[in-house]
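Please read the points below with the sequence and the model at hand.

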Amino acid sequence: YYYIKPQRVDLGIGIIPSKKLAIGLDYTFIDNSESKFVANNSSYSLESINENVSSQLNEMHQIRAGIETRIKNFYIRAGGSYTTDSYETSDVFSGLQGTSIGFGFNKADGRFDLALQNLQRYERVYDYAPVETSSERRSINETKLAATWTWRF
């Protein structure tokens, strides 16, 4: 079998009001309920799986914004994003919130960049013993520090 992804719409705008400032805004839309599995041969059908996909998945919206400024050879930037939950039952997962900050240094023979990224969401966790006894919201918080060093020959 193979998987057919739904159509995707990406819109974006970038503004550079001066040589020292850049601002960007992006939007993405995907209707995940339109995803389909297709069989390689006709001996079996994936219609029941496709019905489950259609009933359990929903539209996904994502918005991202960022700003960067340059001071001589130094770059400073910050950004944020929000992605909606694409499951039909929205009480299980929350949307995904992201933030990032970073700075870089650029010279003729190389570049160094350091970024701090954070992603946060909530999900509902269920206890089973042997039946569902309770549920609680749990925060998932992921932070990454990324460093990049490149040089030119």
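Predicted model: local features only at pLDDT ≥ 70, side-chain atom pairs only at ≥ 80, totals over all residues.

The numbered points below concern a pair of strands, a loop residue and a pocket.

1. Strands β2 and β3. Strand β2 covers residues 8–18, and strand β3 covers residues 21–31. The two run antiparallel and are joined by nine bridges. A hairpin of two residues links β2 to β3. Within this pairing, Ser-18 stands opposite Leu-21 of β3.

2. Exposure of β2. Strand β2 has 11 residues, and the number of them that are buried is zero, so the strand lies largely in the open. Buried here means a relative accessible area under 20%.

3. The loop residue Lys-72. Lys-72 belongs to the loop between β5 (59–71) and β6 (74–83). Its phi is near 55°, a positive value in a residue other than glycine. Most residues other than glycine have a negative phi. Lys-72 is exposed, because its relative accessible area is 68% and the cut-off for exposed is over 50%.

4. The largest pocket. The space in the largest pocket amounts to about 150 Å³. Its lining consists of Thr-83, Thr-84, Asp-85, Ser-86, Tyr-87, Phe-93, Ser-94, Gly-95, Leu-96 and Arg-121. Sorted by class, the lining of this pocket comprises five polar, three nonpolar and two charged residues.

Note on methods
Residues numbered from 1 in each chain as written. Heavy atoms only, no water. 1 Å grid on protein atoms, 1.4 Å probe; cavity = no way out; pocket = protein on both sides within 12 Å on 5 of 7 lines; lining within 4 Å. Points joined across faces, edges and corners; volume = space filled by probe spheres on them. Nonpolar A, V, L, I, M, F, W, Y, C, P; charged D, E, K, R; others polar. Buried < 20%, exposed > 50% of the residue type's maximum accessible area, 1.4 Å probe, protein only. Helix = DSSP H or I, 4+ residues; strand = E, 2+ residues; numbered from the N terminus. Pairing = 2+ DSSP bridges.
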